[in-house]
Amino acid sequence: MESARRALAAAGLVCVLALAGAVLPAVAALAALEEGAPAPQARSIPVAPGDPGSTAGRIVLAIADWLEERLGSGSRTIRLTLDAPMWAEEENGTVTVHLPGARLMEPSAPLVQWALGDLTVAVTPRSETAYDFRVPLPAAIDKGPERLTIGEGTVSGTWRSDLEITTRLEANARNLRLHEGTGSAAGETMTLGSLAVEDELIEGADGLWGGRSTLGLSDLRGRGFTLGRLDAASGFEDFERDLILQTRGDVGAFTGGMGGPTALADVLTPLLDGRWGRSEFSVVLRDLTATGDDTGLSAGGTLSLGRLEWRADLDGRKDLTDLGMRIAVADVLLGADAIDDIPPAFLPFAATIDIALERLPLRGIAEALTASSQWDGTGEPRTGAIADTVLPHLDAADSAFALRELRVVAPSYELRAEGRLLIEPASVFGVIGRMDARVRGLSTLMALAAAEGEEDAVASLIILQGLGRPVFEEGTDEPFYAYEIDLRRDGAVTVNGIPFDMLLPDGLLPE
């Protein structure tokens with residue numbers, strides 16, 4: 001799995017390199033036109049002699065300047081080397097830049113190289129500020145005994161020089177195969193039938209921005225797992241331009257480190273200024289299967305998942321932000337030996353959790369954390385620093401946690417719950433509120449626990465059943481046991497009006 005990760009990371013770097021080489025020419029080319037900026041005299045990424053005043057000359061020098069700055073001798077992360085100097089040709093208004101024998105290497109380990117082969121970047125100016133680009137992906141990427149082959153693929157889009165961002169991006173690839181080993185020992189370790197990415201930014205009439213992004217892949221197969229389909233989508237609206245530029249304009253983040261003492265502040269800074277509106281995100285997995293130790297299952301264990309869905313949405317159009325998230329799985333099938341020490345009857349085949357965080361003061365929290373001086377020398381917050389900073393802001397905003405739906409269904413039981421909790425630092429538990437829950441199958445669980453000799457579990461289930469209020473629902477042969485759980489400001493917890501601490505050993509609940 002580690003080799004797969006590295007090879008696929010190399011493929012990602014190819015896309016980034018191709019995109020970066022295509023999207024930056026406009027800025028440097030315009031600078032050369034308007035300011036007469038000379039090309040660097042010494043380069044680690046060479047450029048063939050040409051007419052610097054021609055369109056092809058300006059564009060190839062612009063790309064070379066950008067690559068030199070990010071991936072040249074000054075880079076401490078990844079460097080680009082070529083077998084021959086870069087060169088460009090122009091035909092019918094399109095400039096094609098050639099990067100012969102491109103390779104990426106790590107300065108700390110120069111023998112570790114990703115061989116990308118000959119790359120080309122086609123740039124077509126559409127206006128004074130818009131430039132279309134198209135980059136065919138290489139047929140193969142080699143790294144020692146590892147090879148990633150690509151049946152066919154391209155990266156294309158539109159670069160805006162006035163914004164210094166890509167406003168449209170499309171990437172497609174088919175028949176990706178990861179090979180490991182040489183000669184007769186070589187074998188496929190991962191395959192991917194198809195991959196498609198689309199990303200678009202749209203400027204509204206009110207000066208605010210929106211956009212959408214999609215990712216789709218199909219027929220992914222590796223050691224111990226298969227995935228029929230993955231679809232991811234995101235969209236946003238009513239975002240200020242400066243926030244878009246700050247969060248999406250730095251292509252160099254892909255090739256540089258993203259850590260250090262200021263990492264948290266760097267992430268939070270965009271939240272302090274600018275306006276963000278509404279956004280949503282979703283991921284859907286279909287037909288996932290996993291077997292064996294490589295996936296974390298017990299030896300010989302199997303997992304089959306018909307569908308997994310994850311959705312999140314954020315609404316920041318007001319002073320306080322609402323955040324919601326829903327995760328649902330269906331058609332889960334675990335083999336008898338998939339997880340040690342857990343009987344199959346206890347393993348759920350479907351589950352849903354839907355939660356919301358209401359009235360979050362994200363700007364206040366971001367500002368407080370950014371200004372905080374409670375960090376150690378490694379740039380990490382001291383123990384409890386974040387909680388001490390965040391909780392007062394949540395309390396002042398009357399922030400709440402809502403459990404909109406919790407449902408777990410297994411062969412032997414079913415659990416449902418919903419409720420709402422308010423932040424209250426003065427209370428014993430830090431929250432107050434109410435939760436409603438229903439459980440079906442307690443008798444079956446008691447029988448299974450008794451058969452396993454779990455006397456403590458049987459006793460707990462008897463108490464749980466005794467606390468519950470039987471409720472019969474249409475179409476069910478056995479009752480659900482209903483529970484109204486209240487968390488009070490004084491720390492008292494009641495279940496259907498009965499103090500919970502009366503049923504627990506001394507010292508279990510905080511004083």
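Predicted model: local features only at pLDDT ≥ 70, side-chain atom pairs only at ≥ 80, totals over all residues.
**Salt bridges**

- Asp142 and Arg147 meet through their side chains in a salt bridge, at 2.5 Å from N to O. Asp142 is partly exposed, with 23% relative accessibility, and Arg147 is partly exposed at 36%.
- Glu414 and Arg416 form another salt bridge, with an N to O distance of 3.0 Å. Glu414 counts as buried because its relative accessible area, 5%, is under 20%, whereas Arg416 is partly exposed at 28%.
- Arg438 pairs with Glu473 in a salt bridge whose closest N and O atoms are 2.9 Å apart. This pair links distant parts of the chain, 35 residues apart: Arg438 lies in strand E18 (residues 431-440), and Glu473 in the loop between strand E19 (469-471) and strand E20 (480-487). Arg438 is partly exposed, at 30% relative accessibility.
- A network of salt bridges links Arg407, Glu414, Arg416, Arg438, Arg440, Glu473 and Glu478.

- Strand E3 (residues 94-106) pairs with strand E4 (residues 109-125) in the antiparallel sense, over 10 bridges. A hairpin of two residues joins E3 to E4, and Met105 has Gln113 in E4 as its bridge partner.
- E4 also pairs with strand E5 (residues 130-136), again in the antiparallel sense, over four bridges. Four residues lie between E4 and E5 in their hairpin, and Thr124 stands opposite Asp132 in E5.

Conventions. Residues numbered from 1 in each chain as written. Heavy atoms only, no water. Pairing = 2+ DSSP bridges. Salt bridge = Lys/Arg side-chain N within 4 Å of Asp/Glu carboxyl O. Buried < 20%, exposed > 50% of the residue type's maximum accessible area, 1.4 Å probe, protein only.
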